[in-house]
Amino acid sequence: MRAARLIKMVLLLQTRASMTAAELARELEVSERTVSRDALALSEAGIPVYADRGRAGGYRLVGGYRTRLTGLARSEAEALFLSGVPGALRDMGLEDTASAAQLKVSAALLPSAQGASRSAAQRFHLDAPAWFSEPQAPALLPVLADAVWDDRPVRARYRRGGAEVERALEPYGLVLKAGLWYLCARVADAEAFRVYRIDRFTAAEPGEERFRRDEGFDLPGFWAERAEEFARSVLRSEIVVRLSPEGVRQLPGAVGRTSAEAGLGGCGAPDGRGWVTLALPVESEEVARMQLRGLGPEVEVLAPAALRERCARDAEEAAGLYR
């Protein structure tokens with residue numbers, strides 16, 4: 001533990017011109033007294049750490065000293081590729097690993113380029129969770145993340161409907177979608193790849209042996225295909241609507257891209273006012289009623305009759321509020 005801390009202290013001083021004892025203590029999560037002892041130990045080991053006294057003082061490396069202790073471990077290199085998603089790293093328990101990797105990269109850079117990481121962080125930030133929600137990391141996410149990194153099979157229990165099922169899984173990858181974590185895994189006894197919501201796992205026990213990955217598995221491609229299949233699978237009903245040109249423009253935001261593209265792809269020519277009539281696949285009539293409310297006067301429901309009547313009542317009640 002102390003050896004790792006001493007290396008980190010050297011790398012910190014290599015990436016910055018000077019650091020106070022308080023700054024080092026904060027970065028290393030130790031007391032200022034420990035920082036002083038560590039600096040003395042480094043100096044005795046031949047590393048030229050110099051302490052400037054006074055209010056503006058601090059610790060620095062003398063004579064442009066540069067360490068060669070910057071080689072990335074495999075786990076650090078893997079975590080570095082996720083460093084643009086700090087929340088995901090934190091949820092998976094990889095925050096410290098990524099921090100060490102970033103520090104090593106910074107230490108390896110020339111002095112003129114050592115501000116690159118901060119410059120990039122101030123110009124690009126990825127905020128993965130959906131709006132108006134407070135995402136909670138699933139309790140078993142770190143366990144499953146470790147299994148994914150190490151290619152270890154998992155014996156897991158999973159809530160499905162009102163029951164709980166047990167599966168032997170080979171975890172291939174993790175996906176963070178709109179604040180929800182998903183596991184893409186192969187079911188060991190079925191040789192089939194499936195997607196599981198991680199917050200529905202109730203238990204997960206990694207095995208000791210590693211499984212052999214299918215090198216042809218493409219996580220982004222697999223996820224895109226399954227996401228499209230899921231989006232189509234929930235569209236079990238169909239309604240007929242008329243849309244104004246503005247309604248056509250707003251339709252994907254109201255009902256989703258998959259539904260909108262399917263409906264607009266088969267619509268007829270616009271009428272004299274520019275309105276089009278189309279058959280729109282939807283999850284259900286009730287869901288469609290709620291979704292189409294946002295289009296207001298830019299949409300008219302033509303069929304089925306029961307949905308048209310319900311939308312008409314909604315419009316009358318809304319108009320009554322504003323009379």
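The model is predicted, so local features are reported only at pLDDT of at least 70 and side-chain atom pairs only at pLDDT 80 or more, whereas totals for chains, interfaces and linings use all residues. Residues are numbered from 1 along each chain as its sequence is written, and side-chain values use heavy atoms, with hydrogens and water left out.

**Sheet**

- Five strands form an open sheet in the order β6-β5-β4-β3-β7 with antiparallel pairing, where strands are DSSP runs of E with at least two residues, helices are runs of H or I with at least four, both numbered from the N terminus, and two strands pair if DSSP finds at least two bridges between them.
- The edge strands, each pairing on one side only, are β6 (192–197) and β7.
- On average, neighbouring strands of this sheet are turned by 45° against each other, direction ignored.
- Between β3 and β4 the antiparallel pairing extends over 7 bridges, and Arg160 stands opposite Ala163 in β4.

**Helices on the sheet**

- Helix α8 lies across β3, β4, β5 and β7 and runs at about 70° to β4, with axes taken as lines fitted to C-alpha atoms, for helices over the stretch in contact, and angles running from 0 to 180 degrees between N-to-C directions.
- Helix α9 (residues 219–233) also packs on the sheet, touching β4, β5 and β6, and its direction makes about 75° with that of β6; contact here means heavy atoms within 4.5 Å.

- Leaving aside neighbours within four places in sequence, the contacts of Phe201 include Leu140, Leu144, Leu169, Leu183 and Tyr196.

**Helix pair α10 and α11**

- Helix α10 (residues 245–255) packs against helix α11 (residues 257–264) at an angle of about 140°, with their axes 6 Å apart.
- The two helices are therefore oblique to each other, a class left over once angles under 35 degrees (roughly parallel), over 145 (roughly antiparallel) and 65 to 115 (roughly perpendicular) are set aside.
- Val248, Leu251, Pro252 and Val255 of α10 meet Arg257, Ser259, Ala260 and Leu264 of α11.

**Val10**

- Val10, in helix α1 (residues 2–15), counts as buried at 5% relative accessibility, buried being under 20% relative accessible area, exposed over 50% and partly exposed in between, with a 1.4 Å probe and protein chains only.
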